[in-house]
Amino acid sequence: MPLSFAPLMARFKASESTEAGARARALRAEGHHVVDFSIGEPDFPVPANVKEAIKQALDGDDTHYTNTGGTLELIDAVRAKLLRENGLEYGRDQIIIGSGAKSVMYHAFACTVGEGDEVIVPVPYWISYPNQVRIAGGTPVFVECGADGGFQLDVAAIEAAITPRTRWLVLNSPNNPTGAMLSDATLAELAEMLARHPHVLIMSDEIYEHLRYGGAVHRSIATLGEGIKARTLVVNGVSKSYAMTGLRIGYGAGPAELVKAMVKLQTQTTSCASSLGQAGAVAALNASHDDVAARRAVMAQRRDYLAQRLAGIPGLSVRAPEGSMYFFCDCRGLLGKTTPQGARLESDLDFVRYLLDQYKLVVIQGSAYGCPGFFRISFATSQENLEEGSARLRDACAALG
Ligand SMILES: Cc1ncc(COP(=O)(O)O)c(C=O)c1O
């Protein structure tokens with residue numbers, strides 16, 4: 001008998017970026033030399049002090065349930081980090097530790113979004129936002145903030161999308177997939193606009209905070225006054241800054257009432273984040289930032305190299321990202337062209353499939369992020385892969401007629 005599933009399973013899609021990674025692994029298993037530009041995690045090992053802290057935690061049998069909302073050590077390390085790096089002061093009851101930033105965001109939506117509620121998601125967006133909102137029963141409301149504006153947010157368009165049912169506005173800076181960062185001017189404009197709509201909460205996903213280049217400064221919208229801070233859930237974690245993706249530790253900082261509800265929900269979902277991951281995250285956050293700075297320098301070199309390699313490829317339009325680990329390339333100039341195999345490229349997905357089939361190069365179609373006509377390249381990979389992948393991309397574009 002075929003299995004039947006709950007209605008919610010029809011409301012959302014599996015993550016396209018996770019699927020792209022699976023395709024790359026499958027092709028590799030068939031013996032192909034694949035270049036994977038879809039990777040959504042730094043390719044570094046976790047820092048040595050984090051490894052040491054996890055080993056010590058294991059040897060000390062720190063392998064039991066922790067407090068549902070996180071260990072006091074990690075909550076205090078997060079508070080110290082937010083004060084030191086972001087100028088944001090929070091009490092212990094305003095911090096929640098979860099199993100990755102993704103889980104923190106999901107719990108926040110699940111606690112606050114009911115049937116018919118709306119969440120404003122600027123486009124392009126990280127794939128999980130609209131899907132998490134749908135799983136929670138709400139409706140994502142998309143607002144175009146496209147390439148023509150340098151992927152800065154269109155504050156007037158966001159305001160026009162606000163209704164009495166709006167629960168959240170989602171912000172993500174540095175941004176996945178565009179690499180754009182919210183400028184001080186845009187942040188100020190947003191804060192001024194949001195003051196007119198006090199019922200809207202703000203989810204500020206700052207997971208790529210430490211991956212920024214060329215002197216770009218990261219500022220959290222929560223620093224723009226107590227009024228805004230009281231309505232903002234700052235979401236961050238150790239996945240990207242410390243290459244701790246598999247250890248699954250993220251955190252949220254925001255209103256105590258919201259945090260309390262999220263902790264209540266966690267009592268029935270995850271129970272707590274991994275005890276060993278939390279021990280590692282304490283070490284990561286409390287350490288000096290030498291590792292973070294050294295890794296950022298490597299990522300900056302890769303970004304500069306790729307910017308130069310992509311610049312001259314006919315049909316592509318590319319701007320170097322200010323932050324995160326992605327180039328979001330405009331391939332609209334290639335649509336309508338024909339491959340050597342005789343197929344006409346009608347969409348970004350056709351182009352991405354052509355790269356995969358003919359050049360064994362994995363990138364992700366912009367339509368997965370709500371932005372057709374673009375594709376995303378991750379530069380979280382080795383210099384060798386950047387050289388080989390950019391050469392394949394150049395050849396693939398040159399072969400189009
Ligand atoms: C914008 C953004 N937010 C959050 C996450 C998830 O981070 P975590 O590993 O902490 O769940 C990712 C991971 O790809 C991301 O790109």
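**Charges, patches and backbone**

Author: Met9 is placed in the segment before α1 (16-29). Keep in mind throughout that the model is predicted.

Reader: Ok, is Met9 buried or exposed, or partly exposed?
Author: Met9 is partly exposed, with a relative accessible area of 44%.

Reader: What about charge? Which residues gather in a patch of negative charge?
Author: Glu52, Asp59, Asp61, Asp62 and Glu73 do, on the surface.

Reader: Where is Glu52 found?
Author: Glu52 sits in helix α2, which covers residues 48-59. Its relative accessibility is 39%, so Glu52 counts as partly exposed.

Reader: Now salt bridges. How many does the structure hold?
Author: There are 14 salt bridges. One of them pairs Arg302 with Asp43, and the closest N and O atoms there are 2.9 Å apart.

Reader: Why does that pair tie together parts that are apart in sequence?
Author: Because Arg302 lies in helix α11 (residues 290-311), while Asp43 lies in the loop between β1 (35-36) and α2. Those parts are 259 residues apart in sequence.

Reader: And is Arg302 buried or exposed?
Author: Arg302 is buried, with a relative accessible area of 9%. Asp43, its partner in the salt bridge, is partly exposed at 36%.

Reader: Give me another one. Which side chain meets Asp184 in a salt bridge?
Author: That of Arg219, at 2.9 Å from N to O. Asp184 is in helix α7 (residues 184-195) and Arg219 is in the loop between β6 (201-205) and α8 (226-229), so this pair ties together parts 35 residues apart in sequence.

Reader: How accessible are those two, Asp184 and Arg219?
Author: Asp184 has a relative accessibility of 43% and counts as partly exposed. Arg219 is partly exposed too, with a relative accessible area of 36%.

Reader: What does Arg344 do?
Author: The side chain of Arg344 meets that of Glu346 in a salt bridge, 3.1 Å from N to O. Glu346 counts as exposed, at 51% relative accessibility. Arg344 counts as partly exposed, at 49%. The cut-off explains the two labels, because exposed means over 50%.

Reader: Which residues are linked in a network of salt bridges?
Author: Lys81, Arg84, Glu85 and Glu209.

Reader: What about a charged residue without a salt bridge? Take Asp348. Which side chain of opposite charge is nearest to it?
Author: Arg353, and that side chain is 9.6 Å away. Asp348 is buried and has no salt bridge. For its place, look in helix α12, residues 348-359.

Reader: What lies 3.0 Å from a polar atom of the Asp348 side chain, then?
Author: The backbone nitrogen of Gly366.

Reader: Let's switch to the backbone. Which residues does a cis peptide bond join?
Author: Ser173 and Pro174 are joined by one, with omega about -10°. Another cis peptide bond joins Asn176 and Pro177, with omega about 20°.

Reader: Where are the prolines, Pro174 and Pro177?
Author: Pro174 is in the loop between β5 (166-172) and α7. Pro177 also lies in the loop between β5 and α7.

Reader: Fine. What is the phi of Phe151?
Author: It is near 60°, a positive value, and Phe151 is not a glycine. Phe151 is placed in the loop between β4 (139-144) and α6 (155-161). With 7% relative accessibility, Phe151 counts as buried.

Reader: Where is Ser324 found, and is Ser324 buried or exposed?
Author: Ser324 is found in the loop between α11 and β9 (326-330). At 0% relative accessibility, Ser324 counts as buried.

Note on methods
Residues numbered from 1 in each chain as written. Predicted model: local features only at pLDDT ≥ 70, side-chain atom pairs only at ≥ 80, totals over all residues. Heavy atoms only, no water. Patch = residues over 30% accessible without salt bridge, like charges linked within 9 Å, V, L, I, M, F, W, Y side chains within 5 Å. Areas by Shrake-Rupley, 256 points an atom, 1.4 Å probe, with all protein chains shown as cover. Salt bridge = Lys/Arg side-chain N within 4 Å of Asp/Glu carboxyl O. Lys, Arg positive; Asp, Glu negative; His and termini not counted. Charge placed at Lys NZ, Arg CZ, Asp CG, Glu CD. Helix = DSSP H or I, 4+ residues; strand = E, 2+ residues; numbered from the N terminus. Buried < 20%, exposed > 50% of the residue type's maximum accessible area, 1.4 Å probe, protein only. Polar contact = N/O pair within 3.5 Å; in protein donor to acceptor, adjacent residues only side chain to side chain.
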